[in-house]
Amino acid sequence: MIILLASAELDHFAKVGGLADISAALPRGWADLSHEPIVIIPKYQCITDFTEIHSTNIEFTICNLSVRVFKSHLPESTISVYLLECDELYDRPGIYGNPDGYEDNDLRFYVLCKAAFELMIELNISPDVISAHDYHTALLMPLLKIDYARHPQFLNTKGVLTIHNAQYQGWYDNERIREFSHWEFIEKDSHSPFLFHDHFNALYSGINFSDAIIAVSPGYANEILTEEYGAGLHEVFNNNRHKLSGILNGVNYGLWNPSDDCHINQHFTILDKSGKVQGRKFLLQSLFDDEKDLLPDSLPVFGIVSRFTEQKGFELLEDCIENCLKDKKIRLIVLGSGDARYEDYFSRIQNSFPGYCSYTRGYDEELAHRILAYADFFLMPSLFEPCGLTQLYAMKYGTIPIVRHVGGLKDTIEDFNQIQLIGNGITFSEFTSSALLRAIDMAIDIYGNKSLMNPLIDNAMHCDYSIHKTAIQYIESFETLKERH
Ligand code: ADP
(Lines give C-alpha, C1' and ligand atoms only; values in the text may rest on other atoms or scores of the structure.)
Protein backbone atom coordinates (compact mmCIF):
# COMPACT_ATOMS: atom_id res chain seq x y z
CA MET A 1 0.00 0.00 0.00
CA ILE A 2 1.15 3.52 -0.69
CA ILE A 3 0.44 5.69 2.34
CA LEU A 4 0.87 9.44 2.25
CA LEU A 5 1.35 10.90 5.71
CA ALA A 6 1.26 14.66 6.20
CA SER A 7 2.06 16.14 9.57
CA ALA A 8 2.99 19.42 11.23
CA GLU A 9 5.79 17.65 13.14
CA LEU A 10 8.31 14.95 12.32
CA ASP A 11 10.99 13.61 14.62
CA HIS A 12 14.57 14.36 13.43
CA PHE A 13 13.21 17.40 11.55
CA ALA A 14 10.78 19.41 13.67
CA LYS A 15 9.47 18.36 17.05
CA VAL A 16 7.38 19.80 19.85
CA GLY A 17 5.87 16.65 21.36
CA GLY A 18 4.66 13.14 20.73
CA LEU A 19 3.10 13.97 17.35
CA ALA A 20 6.62 14.17 15.93
CA ASP A 21 7.59 10.80 17.37
CA ILE A 22 4.58 9.02 15.94
CA SER A 23 4.73 10.77 12.56
CA ALA A 24 8.22 9.32 12.19
CA ALA A 25 7.62 5.95 13.85
CA LEU A 26 4.48 4.97 11.93
CA PRO A 27 6.06 5.18 8.46
CA ARG A 28 8.97 3.08 9.72
CA GLY A 29 6.49 0.52 11.03
CA TRP A 30 4.61 0.50 7.73
CA ALA A 31 7.83 0.19 5.72
CA ASP A 32 8.88 -2.78 7.86
CA LEU A 33 5.61 -4.41 6.82
CA SER A 34 6.60 -3.85 3.16
CA HIS A 35 4.29 -0.90 2.56
CA GLU A 36 5.37 2.33 0.94
CA PRO A 37 5.01 5.40 3.12
CA ILE A 38 5.68 8.91 1.87
CA VAL A 39 5.94 11.77 4.34
CA ILE A 40 5.37 15.46 3.74
CA ILE A 41 6.03 18.35 6.15
CA PRO A 42 6.80 22.07 5.89
CA LYS A 43 10.43 23.11 5.68
CA TYR A 44 10.52 25.15 8.86
CA GLN A 45 13.36 27.44 9.83
CA CYS A 46 14.53 24.86 12.41
CA ILE A 47 15.16 22.31 9.65
CA THR A 48 18.72 23.11 8.89
CA ASP A 49 21.59 21.42 7.14
CA PHE A 50 22.06 18.83 9.86
CA THR A 51 19.56 16.71 7.94
CA GLU A 52 20.39 15.64 4.40
CA ILE A 53 18.12 17.68 2.17
CA HIS A 54 18.16 17.89 -1.61
CA SER A 55 16.31 20.24 -3.87
CA THR A 56 13.97 18.84 -6.50
CA ASN A 57 12.72 20.61 -9.58
CA ILE A 58 9.17 20.49 -8.29
CA GLU A 59 7.53 23.82 -7.68
CA PHE A 60 3.92 24.94 -7.61
CA THR A 61 1.81 27.92 -6.73
CA ILE A 62 -0.81 27.60 -4.02
CA CYS A 63 -2.87 30.57 -2.82
CA ASN A 64 -0.57 32.79 -4.87
CA LEU A 65 2.43 31.54 -2.95
CA SER A 66 5.29 29.80 -4.57
CA VAL A 67 6.11 26.45 -2.95
CA ARG A 68 9.35 24.63 -3.71
CA VAL A 69 9.75 20.98 -2.86
CA PHE A 70 12.86 19.52 -1.22
CA LYS A 71 13.51 15.90 -0.50
CA SER A 72 15.09 14.00 2.34
CA HIS A 73 14.52 10.69 4.09
CA LEU A 74 13.97 9.39 7.58
CA PRO A 75 17.41 8.63 9.03
CA GLU A 76 18.69 5.13 8.38
CA SER A 77 15.82 4.37 6.06
CA THR A 78 14.77 4.86 2.47
CA ILE A 79 11.48 6.47 3.48
CA SER A 80 11.00 9.67 1.47
CA VAL A 81 10.33 12.88 3.30
CA TYR A 82 9.21 15.81 1.17
CA LEU A 83 9.70 19.27 2.59
CA LEU A 84 7.78 22.30 1.42
CA GLU A 85 9.75 25.48 1.18
CA CYS A 86 7.64 28.61 1.31
CA ASP A 87 9.52 31.26 3.25
CA GLU A 88 6.50 33.53 3.65
CA LEU A 89 4.82 30.78 5.69
CA TYR A 90 7.46 28.57 7.25
CA ASP A 91 10.69 30.52 7.62
CA ARG A 92 9.95 31.54 11.21
CA PRO A 93 10.99 30.48 14.69
CA GLY A 94 9.25 27.41 16.02
CA ILE A 95 6.50 25.36 14.47
CA TYR A 96 3.24 26.81 15.68
CA GLY A 97 4.24 30.24 16.97
CA ASN A 98 3.73 29.93 20.69
CA PRO A 99 2.11 30.87 22.92
CA ASP A 100 -0.91 31.92 20.87
CA GLY A 101 -0.06 30.46 17.47
CA TYR A 102 0.79 32.39 14.30
CA GLU A 103 -2.17 34.35 13.02
CA ASP A 104 -1.90 32.75 9.61
CA ASN A 105 -1.71 29.14 10.83
CA ASP A 106 -4.88 28.58 8.80
CA LEU A 107 -2.99 29.38 5.60
CA ARG A 108 0.23 27.66 6.72
CA PHE A 109 -1.53 24.35 7.27
CA TYR A 110 -3.98 24.69 4.38
CA VAL A 111 -1.02 25.07 2.01
CA LEU A 112 0.62 21.98 3.52
CA CYS A 113 -2.54 19.94 2.84
CA LYS A 114 -3.08 21.23 -0.67
CA ALA A 115 0.59 20.74 -1.52
CA ALA A 116 0.36 17.10 -0.50
CA PHE A 117 -2.09 16.48 -3.36
CA GLU A 118 -0.16 18.60 -5.86
CA LEU A 119 2.98 16.69 -5.01
CA MET A 120 1.28 13.35 -5.64
CA ILE A 121 0.07 14.63 -9.01
CA GLU A 122 3.52 15.88 -9.89
CA LEU A 123 5.10 12.54 -8.93
CA ASN A 124 2.27 10.60 -10.56
CA ILE A 125 1.61 8.62 -7.41
CA SER A 126 -1.84 7.37 -6.41
CA PRO A 127 -1.82 6.82 -2.66
CA ASP A 128 -4.06 4.10 -1.27
CA VAL A 129 -4.43 6.01 1.95
CA ILE A 130 -3.93 9.59 3.02
CA SER A 131 -3.06 9.69 6.71
CA ALA A 132 -3.87 13.01 8.39
CA HIS A 133 -2.76 13.92 11.91
CA ASP A 134 -4.60 16.35 14.14
CA TYR A 135 -6.17 19.61 13.03
CA HIS A 136 -3.08 20.78 11.16
CA THR A 137 -3.54 18.25 8.39
CA ALA A 138 -7.22 17.44 8.93
CA LEU A 139 -8.07 19.52 5.86
CA LEU A 140 -6.58 16.77 3.71
CA MET A 141 -9.94 15.06 4.26
CA PRO A 142 -12.23 17.69 2.65
CA LEU A 143 -9.60 18.26 -0.05
CA LEU A 144 -9.79 14.55 -0.88
CA LYS A 145 -13.57 14.46 -0.92
CA ILE A 146 -14.19 17.77 -2.68
CA ASP A 147 -11.29 19.27 -4.62
CA TYR A 148 -9.63 16.03 -5.72
CA ALA A 149 -12.67 13.72 -5.62
CA ARG A 150 -12.79 13.34 -9.39
CA HIS A 151 -9.09 13.34 -10.02
CA PRO A 152 -8.16 9.94 -11.50
CA GLN A 153 -5.19 9.56 -9.14
CA PHE A 154 -7.36 9.74 -6.02
CA LEU A 155 -10.47 7.82 -7.06
CA ASN A 156 -9.56 4.89 -4.80
CA THR A 157 -7.78 6.83 -2.10
CA LYS A 158 -9.11 6.59 1.45
CA GLY A 159 -8.77 9.37 4.00
CA VAL A 160 -7.91 8.50 7.59
CA LEU A 161 -7.68 11.10 10.32
CA THR A 162 -5.69 10.28 13.45
CA ILE A 163 -6.61 12.29 16.53
CA HIS A 164 -3.67 12.83 18.84
CA ASN A 165 -5.34 15.56 20.83
CA ALA A 166 -8.90 16.77 20.28
CA GLN A 167 -8.32 19.85 22.38
CA TYR A 168 -6.54 21.61 19.52
CA GLN A 169 -9.07 22.08 16.73
CA GLY A 170 -8.00 24.86 14.37
CA TRP A 171 -10.77 27.42 14.64
CA TYR A 172 -10.25 29.47 11.51
CA ASP A 173 -11.81 32.67 10.28
CA ASN A 174 -14.67 31.75 7.94
CA GLU A 175 -13.90 34.45 5.39
CA ARG A 176 -10.20 33.72 5.18
CA ILE A 177 -10.61 29.98 4.74
CA ARG A 178 -13.34 30.53 2.14
CA GLU A 179 -10.94 32.74 0.24
CA PHE A 180 -8.11 30.15 0.19
CA SER A 181 -10.21 27.08 -0.35
CA HIS A 182 -13.26 28.23 -2.32
CA TRP A 183 -15.28 25.78 -0.25
CA GLU A 184 -18.93 26.68 -0.09
CA PHE A 185 -20.47 26.99 3.30
CA ILE A 186 -23.13 29.20 4.73
CA GLU A 187 -23.02 30.62 8.20
CA LYS A 188 -25.97 29.63 10.35
CA ASP A 189 -26.15 26.31 8.51
CA SER A 190 -26.35 23.94 11.43
CA HIS A 191 -25.57 20.97 9.15
CA SER A 192 -22.43 22.38 7.64
CA PRO A 193 -19.60 19.84 7.63
CA PHE A 194 -17.16 22.73 8.03
CA LEU A 195 -18.77 24.97 10.60
CA PHE A 196 -19.08 24.09 14.24
CA HIS A 197 -21.21 26.61 16.11
CA ASP A 198 -21.02 28.83 13.01
CA HIS A 199 -17.22 28.90 12.93
CA PHE A 200 -14.85 27.04 10.67
CA ASN A 201 -13.27 24.20 12.63
CA ALA A 202 -10.51 22.24 10.91
CA LEU A 203 -10.69 19.16 13.12
CA TYR A 204 -14.47 19.01 12.85
CA SER A 205 -14.18 19.25 9.04
CA GLY A 206 -11.61 16.45 9.02
CA ILE A 207 -13.87 14.25 11.14
CA ASN A 208 -16.82 14.77 8.79
CA PHE A 209 -14.95 14.14 5.55
CA SER A 210 -12.74 11.25 6.70
CA ASP A 211 -13.37 7.61 5.85
CA ALA A 212 -12.05 6.56 9.25
CA ILE A 213 -10.96 8.22 12.47
CA ILE A 214 -8.30 6.74 14.70
CA ALA A 215 -7.82 7.94 18.27
CA VAL A 216 -4.35 7.29 19.67
CA SER A 217 -5.50 4.82 22.31
CA PRO A 218 -8.62 2.71 22.84
CA GLY A 219 -9.19 4.51 26.13
CA TYR A 220 -9.11 7.91 24.45
CA ALA A 221 -11.43 6.65 21.68
CA ASN A 222 -14.00 5.99 24.41
CA GLU A 223 -13.29 9.13 26.37
CA ILE A 224 -13.82 11.55 23.49
CA LEU A 225 -17.39 10.32 23.31
CA THR A 226 -17.98 11.93 26.70
CA GLU A 227 -18.59 15.55 27.57
CA GLU A 228 -15.70 15.50 30.04
CA TYR A 229 -13.02 14.58 27.48
CA GLY A 230 -14.56 15.36 24.08
CA ALA A 231 -13.29 18.97 24.07
CA GLY A 232 -16.74 20.12 22.96
CA LEU A 233 -16.85 17.60 20.10
CA HIS A 234 -18.30 14.63 21.99
CA GLU A 235 -21.59 14.72 20.10
CA VAL A 236 -19.73 14.95 16.82
CA PHE A 237 -17.65 11.92 17.78
CA ASN A 238 -20.80 10.07 18.78
CA ASN A 239 -22.38 10.85 15.42
CA ASN A 240 -19.26 9.48 13.74
CA ARG A 241 -18.85 6.51 16.03
CA HIS A 242 -19.21 4.04 13.16
CA LYS A 243 -15.87 5.14 11.77
CA LEU A 244 -14.02 5.75 15.05
CA SER A 245 -11.55 3.31 16.57
CA GLY A 246 -8.65 3.47 18.98
CA ILE A 247 -5.16 2.24 18.17
CA LEU A 248 -2.52 2.56 20.84
CA ASN A 249 0.56 4.54 19.82
CA GLY A 250 3.83 2.65 19.90
CA VAL A 251 7.51 3.18 20.48
CA ASN A 252 10.41 3.14 18.08
CA TYR A 253 12.69 1.03 20.26
CA GLY A 254 15.46 1.71 17.77
CA LEU A 255 15.63 5.18 19.35
CA TRP A 256 14.39 4.51 22.87
CA ASN A 257 16.35 1.59 24.24
CA PRO A 258 18.67 1.47 27.27
CA SER A 259 21.12 -0.82 25.50
CA ASP A 260 22.00 1.51 22.62
CA ASP A 261 20.31 4.90 23.04
CA CYS A 262 22.64 7.36 21.29
CA HIS A 263 21.72 10.18 23.71
CA ILE A 264 22.96 8.43 26.84
CA ASN A 265 26.47 7.28 27.77
CA GLN A 266 25.86 4.59 30.37
CA HIS A 267 23.94 1.81 28.68
CA PHE A 268 22.22 -1.04 30.47
CA THR A 269 19.90 -3.99 30.06
CA ILE A 270 17.32 -5.78 32.16
CA LEU A 271 20.02 -8.28 33.16
CA ASP A 272 22.71 -5.76 33.99
CA LYS A 273 21.42 -2.44 35.31
CA SER A 274 24.73 -1.12 36.60
CA GLY A 275 24.70 1.46 33.77
CA LYS A 276 21.49 2.92 35.18
CA VAL A 277 23.07 3.37 38.62
CA GLN A 278 26.13 5.02 37.10
CA GLY A 279 24.11 7.16 34.68
CA ARG A 280 21.84 8.32 37.48
CA LYS A 281 24.88 9.40 39.48
CA PHE A 282 26.34 11.38 36.57
CA LEU A 283 22.96 12.93 35.83
CA LEU A 284 22.62 14.14 39.42
CA GLN A 285 26.18 15.42 39.41
CA SER A 286 25.50 17.43 36.28
CA LEU A 287 22.30 18.95 37.68
CA PHE A 288 23.19 19.45 41.37
CA ASP A 289 26.38 21.04 42.66
CA ASP A 290 26.49 19.15 45.91
CA GLU A 291 26.00 15.65 44.56
CA LYS A 292 29.54 14.50 45.37
CA ASP A 293 28.66 14.85 49.06
CA LEU A 294 25.56 12.70 48.75
CA LEU A 295 25.20 8.99 48.30
CA PRO A 296 24.01 8.43 44.73
CA ASP A 297 21.12 6.23 45.76
CA SER A 298 20.11 7.92 48.96
CA LEU A 299 16.87 9.47 47.73
CA PRO A 300 14.46 8.43 44.99
CA VAL A 301 14.74 10.64 41.93
CA PHE A 302 11.47 11.78 40.34
CA GLY A 303 11.64 13.04 36.76
CA ILE A 304 9.40 15.18 34.57
CA VAL A 305 9.90 15.79 30.84
CA SER A 306 7.00 17.61 29.30
CA ARG A 307 5.34 20.40 27.47
CA PHE A 308 3.81 22.62 30.11
CA THR A 309 0.08 22.91 29.53
CA GLU A 310 -2.92 22.51 31.75
CA GLN A 311 -3.40 19.05 30.23
CA LYS A 312 -0.33 17.69 31.98
CA GLY A 313 -1.79 18.24 35.45
CA PHE A 314 1.23 19.84 37.10
CA GLU A 315 -1.00 22.08 39.17
CA LEU A 316 -1.50 19.00 41.38
CA LEU A 317 2.15 19.22 42.40
CA GLU A 318 1.63 22.63 43.93
CA ASP A 319 0.04 21.30 47.08
CA CYS A 320 2.10 18.20 47.58
CA ILE A 321 5.59 18.09 46.12
CA GLU A 322 6.91 20.92 48.29
CA ASN A 323 6.37 18.91 51.45
CA CYS A 324 8.27 15.96 49.98
CA LEU A 325 11.14 18.28 49.05
CA LYS A 326 11.05 20.06 52.41
CA ASP A 327 11.20 16.73 54.24
CA LYS A 328 14.14 15.72 52.01
CA LYS A 329 12.29 12.60 50.93
CA ILE A 330 12.85 12.92 47.17
CA ARG A 331 14.78 14.72 44.49
CA LEU A 332 12.92 16.21 41.57
CA ILE A 333 14.40 16.86 38.14
CA VAL A 334 12.29 18.70 35.63
CA LEU A 335 12.75 19.52 31.94
CA GLY A 336 10.13 21.46 30.06
CA SER A 337 8.67 24.69 28.85
CA GLY A 338 5.33 26.15 27.95
CA ASP A 339 2.77 28.01 30.03
CA ALA A 340 4.47 30.67 32.15
CA ARG A 341 2.49 29.55 35.19
CA TYR A 342 4.33 26.21 35.31
CA GLU A 343 7.71 27.60 34.27
CA ASP A 344 7.49 30.09 37.14
CA TYR A 345 6.38 27.40 39.54
CA PHE A 346 9.28 25.07 38.78
CA SER A 347 11.78 27.96 38.89
CA ARG A 348 10.41 28.90 42.28
CA ILE A 349 10.69 25.44 43.79
CA GLN A 350 14.17 25.05 42.33
CA ASN A 351 15.17 28.21 44.19
CA SER A 352 13.42 27.10 47.37
CA PHE A 353 14.98 23.64 47.44
CA PRO A 354 18.52 23.85 46.07
CA GLY A 355 20.08 20.41 45.90
CA TYR A 356 16.66 18.78 45.84
CA CYS A 357 14.92 20.26 42.83
CA SER A 358 16.48 21.00 39.46
CA TYR A 359 14.53 22.69 36.69
CA THR A 360 15.83 23.03 33.14
CA ARG A 361 13.68 25.30 31.02
CA GLY A 362 13.43 24.59 27.32
CA TYR A 363 13.65 21.74 24.89
CA ASP A 364 16.63 19.38 25.15
CA GLU A 365 16.56 16.03 23.40
CA GLU A 366 19.61 14.65 25.16
CA LEU A 367 18.54 15.67 28.65
CA ALA A 368 15.06 14.25 27.96
CA HIS A 369 16.61 10.86 27.22
CA ARG A 370 18.86 11.05 30.27
CA ILE A 371 16.02 11.88 32.65
CA LEU A 372 13.79 9.18 31.19
CA ALA A 373 16.65 6.68 31.41
CA TYR A 374 18.13 7.44 34.80
CA ALA A 375 15.35 8.72 37.09
CA ASP A 376 13.68 6.24 39.45
CA PHE A 377 10.15 7.49 38.88
CA PHE A 378 8.48 9.52 36.15
CA LEU A 379 5.58 11.81 37.00
CA MET A 380 2.55 12.18 34.71
CA PRO A 381 -0.41 13.48 36.75
CA SER A 382 -2.31 14.35 33.55
CA LEU A 383 -5.74 15.91 33.52
CA PHE A 384 -6.21 14.04 30.27
CA GLU A 385 -3.76 12.07 28.14
CA PRO A 386 -4.75 10.82 24.67
CA CYS A 387 -1.93 8.27 24.72
CA GLY A 388 1.28 9.56 26.22
CA LEU A 389 4.60 8.27 24.99
CA THR A 390 6.93 9.26 27.79
CA GLN A 391 5.49 6.70 30.19
CA LEU A 392 6.23 4.05 27.55
CA TYR A 393 9.78 5.32 27.06
CA ALA A 394 10.35 5.52 30.83
CA MET A 395 9.32 1.90 31.35
CA LYS A 396 11.82 0.61 28.83
CA TYR A 397 14.55 2.13 31.03
CA GLY A 398 13.09 0.78 34.27
CA THR A 399 11.94 4.26 35.28
CA ILE A 400 8.61 3.75 36.99
CA PRO A 401 5.70 5.89 35.77
CA ILE A 402 3.44 7.48 38.36
CA VAL A 403 0.35 8.34 36.37
CA ARG A 404 -3.20 9.44 36.71
CA HIS A 405 -5.41 6.67 35.38
CA VAL A 406 -6.81 8.41 32.33
CA GLY A 407 -6.77 7.90 28.53
CA GLY A 408 -3.72 6.13 27.19
CA LEU A 409 -2.15 6.09 30.66
CA LYS A 410 -4.98 3.82 31.78
CA ASP A 411 -4.41 1.58 28.75
CA THR A 412 -0.71 1.17 29.39
CA ILE A 413 -0.03 1.41 33.13
CA GLU A 414 -1.23 -1.18 35.59
CA ASP A 415 -0.95 -0.35 39.28
CA PHE A 416 1.73 -2.41 41.03
CA ASN A 417 0.30 -5.12 43.26
CA GLN A 418 2.68 -5.58 46.18
CA ILE A 419 1.42 -9.07 47.02
CA GLN A 420 1.36 -10.62 43.58
CA LEU A 421 4.20 -8.43 42.31
CA ILE A 422 2.36 -7.66 39.07
CA GLY A 423 1.89 -4.26 37.47
CA ASN A 424 4.26 -1.80 35.78
CA GLY A 425 3.67 1.51 37.52
CA ILE A 426 1.88 3.47 40.22
CA THR A 427 -1.51 4.95 39.48
CA PHE A 428 -4.10 7.22 41.02
CA SER A 429 -7.55 8.22 39.81
CA GLU A 430 -8.88 11.38 41.40
CA PHE A 431 -7.52 14.61 39.98
CA THR A 432 -6.45 15.89 43.39
CA SER A 433 -3.15 16.71 45.07
CA SER A 434 -3.93 14.34 47.91
CA ALA A 435 -4.40 11.42 45.50
CA LEU A 436 -1.10 12.28 43.81
CA LEU A 437 0.59 12.57 47.20
CA ARG A 438 -0.60 9.10 48.17
CA ALA A 439 0.89 7.75 44.93
CA ILE A 440 4.20 9.53 45.61
CA ASP A 441 4.29 8.20 49.18
CA MET A 442 3.62 4.74 47.83
CA ALA A 443 6.52 5.17 45.41
CA ILE A 444 8.84 6.25 48.24
CA ASP A 445 7.85 3.19 50.27
CA ILE A 446 8.36 0.82 47.36
CA TYR A 447 11.70 2.44 46.59
CA GLY A 448 12.82 1.69 50.14
CA ASN A 449 12.05 -2.00 49.76
CA LYS A 450 14.22 -3.64 47.12
CA SER A 451 12.13 -6.82 47.15
CA LEU A 452 9.31 -4.69 45.74
CA MET A 453 11.26 -2.17 43.70
CA ASN A 454 13.28 -4.72 41.75
CA PRO A 455 10.33 -6.75 40.44
CA LEU A 456 8.49 -3.53 39.63
CA ILE A 457 11.44 -2.35 37.55
CA ASP A 458 11.64 -5.70 35.76
CA ASN A 459 7.92 -5.67 35.04
CA ALA A 460 8.20 -2.22 33.48
CA MET A 461 11.26 -3.13 31.41
CA HIS A 462 9.56 -6.26 30.09
CA CYS A 463 6.64 -4.31 28.62
CA ASP A 464 6.52 -4.22 24.85
CA TYR A 465 4.77 -1.26 23.25
CA SER A 466 6.55 -1.52 19.94
CA ILE A 467 5.43 0.59 17.00
CA HIS A 468 5.35 -2.68 15.08
CA LYS A 469 2.06 -3.61 16.78
CA THR A 470 0.64 -0.15 16.11
CA ALA A 471 1.66 -0.29 12.44
CA ILE A 472 -0.05 -3.67 12.00
CA GLN A 473 -3.31 -2.33 13.42
CA TYR A 474 -3.20 0.74 11.18
CA ILE A 475 -2.66 -1.46 8.14
CA GLU A 476 -5.56 -3.70 9.16
CA SER A 477 -7.76 -0.66 9.46
CA PHE A 478 -6.60 0.64 6.04
CA GLU A 479 -7.23 -2.77 4.47
CA THR A 480 -10.75 -2.92 5.86
CA LEU A 481 -11.44 0.46 4.31
CA LYS A 482 -10.02 -0.56 0.93
CA GLU A 483 -12.10 -3.72 0.91
CA ARG A 484 -15.23 -1.72 1.56
CA HIS A 485 -14.73 0.43 -1.55
P1 ADP B 1 2.70 15.20 24.18
O2 ADP B 1 2.63 14.71 22.78
O3 ADP B 1 1.37 15.50 24.79
O4 ADP B 1 3.66 16.33 24.35
P5 ADP B 1 3.93 12.61 24.73
O6 ADP B 1 4.26 11.93 26.02
O7 ADP B 1 3.08 11.84 23.78
O8 ADP B 1 3.28 14.01 25.09
O9 ADP B 1 5.28 12.94 23.94
C10 ADP B 1 6.17 13.92 24.35
C11 ADP B 1 7.44 13.82 23.52
O12 ADP B 1 8.09 15.07 23.55
C13 ADP B 1 8.45 12.81 24.05
O14 ADP B 1 9.26 12.36 22.99
C15 ADP B 1 9.27 13.66 25.03
O16 ADP B 1 10.53 13.13 25.26
C17 ADP B 1 9.35 14.95 24.24
N18 ADP B 1 9.54 16.16 25.07
C19 ADP B 1 8.59 16.80 25.78
N20 ADP B 1 9.12 17.89 26.36
C21 ADP B 1 10.43 17.92 26.02
C22 ADP B 1 11.52 18.81 26.30
N23 ADP B 1 11.36 19.87 27.06
N24 ADP B 1 12.72 18.53 25.76
C25 ADP B 1 12.89 17.44 24.99
N26 ADP B 1 11.90 16.57 24.67
C27 ADP B 1 10.69 16.81 25.18
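Ala, Val, Leu, Ile, Met, Phe, Trp, Tyr, Cys and Pro count as nonpolar, Asp, Glu, Lys and Arg as charged, and the others, Gly among them, as polar. By those classes, the shell around the ligand holds seven nonpolar, seven polar and four charged residues. The model is predicted.

Start at the ligand. It is surrounded by 18 residues, and the closest are Gly 17, Gly 18, Ala 368, Leu 389 and Thr 390. Two or more residues of this shell come from each of α1 (18–32), β13 (301–308), β14 (331–338) and α13 (365–374). Both domains take part: domain 1 (2–250 + 468–484) and domain 2 (274–464) each supply at least three residues to the shell.

Now step back to the domains. The protein chain is divided into domain 1 and domain 2. Their centres, taken over C-alpha atoms, are separated by 33 Å. Domain 1 brings 17 residues to the contact, and domain 2 brings 10. On the domain 1 side, α1 and α8 (218–223) are the elements that give two or more residues. The most come from α8, with four residues. By class, this side of domain 1 has seven nonpolar, eight polar and two charged residues.

Next, turn to helix α10 (residues 274–287). Its 14 residues reach 20 Å from first C-alpha to last, close to the 20 Å expected at 1.5 Å a residue. Lys 276, Gly 279, Arg 280, Leu 283, Leu 284 and Leu 287 are the buried residues of α10. They lie on the same side of α10 because they cover an arc of only 135° around the axis. That buried set packs against β13, β14, β15 (357–361) and α13. The face turned away from the buried side of α10 carries the exposed residues Ser 274 and Ser 286.

Notes:
Residues are numbered from 1 along each chain as its sequence is written. This is a predicted model: local features need pLDDT of at least 70, side-chain atom pairs count only at pLDDT 80 or more; totals for chains, interfaces and linings use all residues. A residue is near a molecule or strand if its C-beta atom, placed from the backbone, lies within 6 Å of it. Domain bounds come from an automatic or database domain assignment. The expected span of a helix is 1.5 Å times one less than its number of residues. A residue is buried if 20 or more other C-beta atoms lie within 10 Å of its own, exposed if 12 or fewer, and partly exposed in between; C-beta atoms are placed from the backbone. The arc is that of the directions from the helix axis to the C-beta atoms. Two residues are in contact if their C-beta atoms, placed from the backbone, lie within 7 Å.
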